[in-house]
Amino acid sequence: MKKAIIIGATSGIGKRLAEILAQHHYKVGITGRRSELLNDLKLQKPNSFYTNTFDITNTTVIPECLEKLVQELGGLDLMIICSGTGDLNENLDFEIEKCTAETNVIGFTCVANWAFNYFEKQNSGHLVSITSVGGLRGSRMAPAYNATKAYQMNYLEGLRQKAKNLKSEIFVTDIRPGFVDTAMAKGEGLFWVATADKASQQIFKAIQNKREIVYVTKRWALIAAILKRIPRAVYNRM
Ligand SMILES: NC(=O)c1ccc[n+]([C@@H]2O[C@H](COP(=O)([O-])OP(=O)(O)OC[C@H]3O[C@@H](n4cnc5c(N)ncnc54)[C@H](OP(=O)(O)O)[C@@H]3O)[C@@H](O)[C@H]2O)c1
């Protein structure tokens, strides 16, 4: 039986992924700040889910919480970082930027670090993180969100290079969604919005195939290709 941990499994993509993994006979450690939602999920399949409530920005407790979960699961094959935050912030309210950076950069790094070190010791494992198409370019509407997602993409690339350099059986997957119908999908003019189920099914397939970088849903690869090619002088005026 494979063992996985999902950071940010209380709602949206993380919750749906947890259900899909349980359907495929994984034992799943589920985390988030809202313990009542974790307990609701555990009630669905008590033998599949193991809960641990923590805030990813509280990095002093994370190693202990993850070690406890791994002990309960009896090992770890797959770590999925789904937690994330970000708000539209046209007024550049520093508190919003700070919270986004603490969650998407500091918290993310703490978990990714812990997982990679764990996998290095056992010479195998799979680290998956949900970044965003938004991380490909800056955003005047949500500067910290896009910047923190760019950080995550770059960090994952570094870990992937490290895994190859170690000649290990460690895999690193960067999932880049466009819009998915969850609490995180904010703003007007959203398009190609996928359901959490459709996005999560595609993510699960990418995990099974140990893909390195995947756009979700698939057609967002087209938007990514266009975004990367827009000249800076044009992008600055958009
Ligand atoms: N929805 C989209 O359109 C979209 C597009 C691109 C990328 N993404 C990315 O997809 C990922 C999943 O988001 P979602 O769309 O599924 O939204 P969501 O339903 O809001 O899920 C966010 C998850 O992150 C957890 N989380 C947030 N802050 C946390 C903290 N400080 N400590 C621990 N857990 C925390 C939440 O749990 P608690 O609140 O219980 O702590 C929740 O489980 C995020 O990284 C997001 O950036 C989403």
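**Figure 1. Contacts of Ile6 in the predicted model.** Once neighbours within four places in sequence are set aside, Ile6 is in contact with Gly14, Leu17, Ala18, Leu21, Val28, Gly29, Ile30, Thr31, Ile80 and Cys82. The structure shown here and in the other views is a predicted model. Ile6 belongs to the largest nonpolar core, a set of 30 residues. Together with Leu21 and Ile80, Ile6 is among the residues with the most contacts inside this core.

Figure 2. The largest core comprises 30 residues. At least two residues of this core come from each of the following strands: strand 1 (3-7), strand 2 (27-32), strand 4, strand 5 and strand 7. Helix 1, helix 2 (35-44) and helix 6 likewise each supply at least two residues. Another core, of 29 residues, lies apart from this one, and Phe54, Ile56, Val70 and Val172 are among its members.

**Figure 3. Helix 6 and its surroundings.** Helix 6 spans residues 196-208, a run of 13 residues. From the first C-alpha to the last, helix 6 reaches 18 Å, close to the 18 Å expected at 1.5 Å a residue. Its buried residues are Ala196, Ala199, Ser200, Gln202, Ile203, Phe204, Ala206 and Ile207. The cover over these buried residues includes helix 1 (12-23) and strand 4 (78-81), as well as strand 5 (124-130), strand 6 (169-177) and strand 7 (213-216). Lys210, which follows helix 6, has a positive phi, near 50 degrees.

**Figure 4. Ser200 within helix 6.** Ser200 is located in helix 6. Its relative accessibility is 0%, and Ser200 therefore counts as buried. Apart from neighbours within four places in sequence, the residues in contact with Ser200 are Ile13, Arg16, Leu17 and Ile20. One of these, Arg16, lies in helix 1 and also takes part in the salt-bridge network of the next view.

**Figure 5. A network of salt bridges formed by Arg16, Glu19 and Asp197.** These three residues are linked in a network of salt bridges. Glu19 and Arg16 are separated by about one helical turn, because they stand 3 residues apart in helix 1. Both Glu19 and Arg16 are buried. The side chain of Arg16 also forms a salt bridge with that of Asp197 (2.7 Å, N to O). This pair connects distant parts of the chain, as Arg16 in helix 1 and Asp197 in helix 6 are 181 residues apart. With a relative accessible area of 18%, Arg16 is buried, whereas Asp197, at 33% relative accessibility, counts as partly exposed.

**Figure 6. The salt bridge between Glu72 and Lys68 in helix 3.** The side chains of Glu72 and Lys68 meet in a salt bridge at 3.1 Å, N to O. Both residues lie in helix 3 (residues 62-73), with a separation of 4 residues, about one turn of the helix. Glu72 has a relative accessible area of 33% and is therefore partly exposed. Lys68, at 46% relative accessibility, likewise counts as partly exposed. The count of salt bridges in the model comes to 6.

Key. Residues numbered from 1 in each chain as written. Predicted model: local features only at pLDDT ≥ 70, side-chain atom pairs only at ≥ 80, totals over all residues. Heavy atoms only, no water. Expected span 1.5 Å × (residues − 1). Buried < 20%, exposed > 50% of the residue type's maximum accessible area, 1.4 Å probe, protein only. Contact = heavy atoms within 4.5 Å. Core = buried A, V, L, I, M, F, W, Y, C linked by side-chain atoms within 4.5 Å. Salt bridge = Lys/Arg side-chain N within 4 Å of Asp/Glu carboxyl O.
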